[in-house]
Amino acid sequence: MELARLLQIQPGVTALIGSGGKTSAMLRLASELGRTARVIVCTSTRILPPDGLPLLLAADAARAPEVLGAHGAVCIGTPAEKGKLAAPEVSFAQLMQWAEFVLVEADGSKRLPVKAHEPYEPVVPSEANQTVALFGLSGLGKPIRDAAHRAERYANNLGVSPDTILTPQLAAAHLNFEALHTRVLLNQADIPGGRELARAMAEHLRTPVCMASLREEWAECLS
């Protein structure tokens with residue numbers, strides 16, 4: 001799949017924001033990058049502990065160099081409510097000393113494919129040198145109120161009703177309006193007509209764009 005190459009992931013801190021596949025993208029990137037480099041996966045908000053990675057909690061974080069030497073990638077976090085993880089207690093500067101790549105899930109979306117952000121979101125670390133916005137193509141063709149987390153804000157940002165059907169043009173306009181990212185990954189392109197929908201969105205986006213099906217493990221850059 002070579003997602004890391006297609007997204008041009010550079011050493012340092014990469015933030016993943018938006019909706020429609022952040023955790024899947026983060027784990028895919030960790031798997032790819034961890035073959036030849038040390039990778040730390042974490043959050044700046046709240047996430048469920050990801051499957052398939054060693055997990056270091058709070059005081060155990062100092063064991064990261066040892067665990068990375070054996071496994072290539074590790075998740076570091078602080079126990080939070082409902083079995084979730086919060087941000088590591090150590091600084092991102094310290095994480096960067098332990099690993100070449102730090103992947104941060106910096107957003108929540110209530111498992112909806114589309115999201116608008118409050119002024120305090122996303123929680124992108126100041127150390128981040130790139131921010132990838134995920135967008136779930138399954139949200140297209142649905143009323144904004146059914147597709148989007150924070151649907152009222154999403155609609156207000158576009159000057160439309162929450163009952164408005166979300167089109168590729170409107171979705172692209174919203175990503176451009178928020179302008180919180182350096183690159184876009186349009187996920188769920190395996191839905192019927194997904195590739196065409198992704199290409200229609202890409203025509204209106206102002207940053208580099210890739211489309212993918214993380215479920216089917218393929219990706220393609222559109223710009």
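Reply: Let's take backbone geometry, then a strand residue, then a pair of helices. This is a predicted model, in which local features need pLDDT of at least 70 and side-chain atom pairs count only at pLDDT 80 or more, while totals for chains, interfaces and linings use all residues. Residues are numbered from 1 along each chain as its sequence is written, and side-chain values use heavy atoms, with hydrogens and water left out.

Me: Where is Pro122 found, and is the peptide bond from Glu121 to Pro122 cis or trans?

Reply: Most peptide bonds are trans, and most residues other than glycine have a negative phi. The Glu121 to Pro122 bond is cis, with omega near -20°. Pro122 sits in the loop between strand S7 (114–115) and strand S8 (128–136); helices (H or I, at least four residues) and strands (E, at least two) are DSSP runs, numbered from the N terminus.

Me: And what about the phi of Arg111?

Reply: Arg111 is not a glycine, yet its phi is positive, about 65°. You'll find Arg111 in the loop between strand S6 (101–105) and S7. Glu217 also has a positive phi of about 65°, and its place is the loop between strand S11 (209–213) and strand S12 (218–221).

Me: Is Thr14 buried or exposed?

Reply: Buried means under 20% relative accessible area, exposed over 50%, partly exposed in between (1.4 Å probe, protein chains only). Thr14, in strand S1 (residues 12–18), has a relative accessible area of 1%, so it is buried. Arg111, at 77%, is exposed.

Me: Which side chain does Thr14 join through a polar contact?

Reply: A polar contact is a pair of N or O atoms within 3.5 Å; within protein, one must be able to donate a hydrogen and the other to accept it, and residues adjacent in sequence count only if both atoms are side-chain atoms. The side chain of Thr14 makes one of 2.8 Å with that of Gln130.

Me: How do H6 and H7 cross?

Reply: Axes are lines fitted to C-alpha atoms, for helices over the stretch in contact (heavy atoms within 4.5 Å), and angles run from 0 to 180 degrees between N-to-C directions. The axes of H6 and H7 come within 10 Å and cross at roughly 90°. Angles of 65 to 115 degrees count as roughly perpendicular, under 35 as roughly parallel, over 145 as roughly antiparallel and the rest as oblique, so that is what H6 and H7 are: roughly perpendicular. Tyr154, Asn157 and Leu158 of H6 meet residues of H7 including Leu170 and Phe177.
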